[in-house]
Amino acid sequence: MSLEGKVAVVTGATRGCGRAIAVELGRAGATVYVTGRTTRETASPLKRPETIEETGELVEAAGGKAAVVRCDFTSVSDVDALRARIESEVDGIDLLVDDVWGGDMYFHFDAPFWETPLEDALSLTHNALDTHLIALHKLLPLVVARRGLVLEVTDGDNDDYVGAGLPYYLAKCGIRALGRALGVELKKNDCVGLAVTPGFLRSESMLDHFEVTEDNWRDAIGKLAPVDFKISETPYLLARGVAALAQDPEVARFAGQTLASWTLMKEYGYTDVDGDRPDFGRWLTEVRNAGKDPAATPPDGYR
């Protein structure tokens with residue numbers, strides 16, 4: 001299978017899973033609209049160094065075609081302009097990957113909700129949920145035109161509360177709910193909608209937070225990073241699953257579900273870019289949630 005001739009739009013493609021997904025879709029032959037806020041000229045409030053231009057270059061280096069478009073998905077006019085450009089260049093969207101987040105500045109995991117700034121909670125949910133609704137409202141007609149696929153990117157494959165704070169929990173549950181609803185609504189138009197999630201992600205910002213790189217990430221385990229970090233994954237584990245879903249002629253069987261990177265890895269038989277096979281879901285079930293000591297549990301069998 002190949003995505004040659006297919007058109008994909010990835011929101012939040014500046015870094016993390018969004019960047020990796022754009023690259024893997026390009027590797028499979030797709031034309032990818034790489035969208036996000038940070039360019040080489042204009043930084044987002046996150047002040048991260050990654051840019052959408054860099055993502056576009058990675059897409060093309062992987063063999064795809066990249067259309068790099070700055071777009072702030074909190075701005076309806078920005079998304080209108082994105083839609084107008086897409087309509088001027090192609091006749092629809094085969095795959096929409098909705099990966100907008102922008103909440104890193106606003107979550108608080110270490111204090112009761114009522115002791116944290118209300119403005120931060122409202123900003124987080126605005127960036128994490130309103131953006132998805134705006135993107136869907138403006139871009140779904142182009143997906144319907146091609147009987148395409150929509151993937152909502154969230155965190156976690158169920159609605160269990162794991163102590164990440166109320167606004168964060170609301171945002172991620174909301175994205176899973178969108179995946180369930182799209183599974184029903186898009187079926188009426190011969191389209192498919194669902195949600196996907198990574199595990200413990202070694203994103204650029206996570207590596208920076210733990211003061212390591214992809215080359216020495218294990219040095220952070222049990223120090224700045226929790227022991228669970230030994231079952232972490234690169235953004236490409238999920239990205240490879242997304243590319244597989246996009247090429248699966250029977251993808252409709254997953255409509256409305258939330259599929260995890262570890263589930264997709266086993267379904268489609270691939271590995272992470274380093275050859276690893278981290279099963280964070282199994283680790284959570286058999287170690288963390290079972291009350292075992294993660295520090296005393298070897299990672300063998302979970303990767």
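In strand 2, A8 has V32 as its bridge partner. That is where I will start, and note that this is a predicted model.

The pair belongs to strand 1, residues 7-11, and strand 2, residues 31-36, which run in the parallel sense and are joined over four bridges. Strand 1 is mostly covered, with five of its five residues buried. V7, V9 and T11 point one way from the strand, while A8 and V10 point the other way, and all are buried.

Next, the helices. Helix 1 covers residues 16-27 and helix 2 covers residues 52-61; their axes come within 8 Å and cross at roughly 25°. Angles under 35 degrees count as roughly parallel, and helix 1 and helix 2 are therefore roughly parallel to each other. The crossing of helix 1 past helix 2 is right-handed. Which residues in helix 1 meet helix 2? They are R19, A22, V23 and G26, and on the helix 2 side the residues are E54, T55, L58 and V59.

Last, two backbone points. R147 is not a glycine, yet has a positive phi of about 50°. R147 sits in the loop between helix 4, residues 118-145, and strand 5, residues 149-153. Is R147 buried or exposed? R147 is exposed, at a relative accessible area of 60%.

D190 is the other case: a positive phi of about 60°, and again not a glycine. D190 lies in the loop between helix 5, residues 166-185, and strand 6, residues 192-197. With 52% relative accessibility, D190 counts as exposed.

Terms used. Residues numbered from 1 in each chain as written. Predicted model: local features only at pLDDT ≥ 70, side-chain atom pairs only at ≥ 80, totals over all residues. Heavy atoms only, no water. Axes fitted to C-alpha atoms, helices over the stretch in contact; angles between N-to-C directions. Parallel < 35°, antiparallel > 145°, perpendicular 65-115°, else oblique. Left-handed = near helix turned anticlockwise from the far one by under 90°. Contact = heavy atoms within 4.5 Å. Buried < 20%, exposed > 50% of the residue type's maximum accessible area, 1.4 Å probe, protein only. Pairing = 2+ DSSP bridges.
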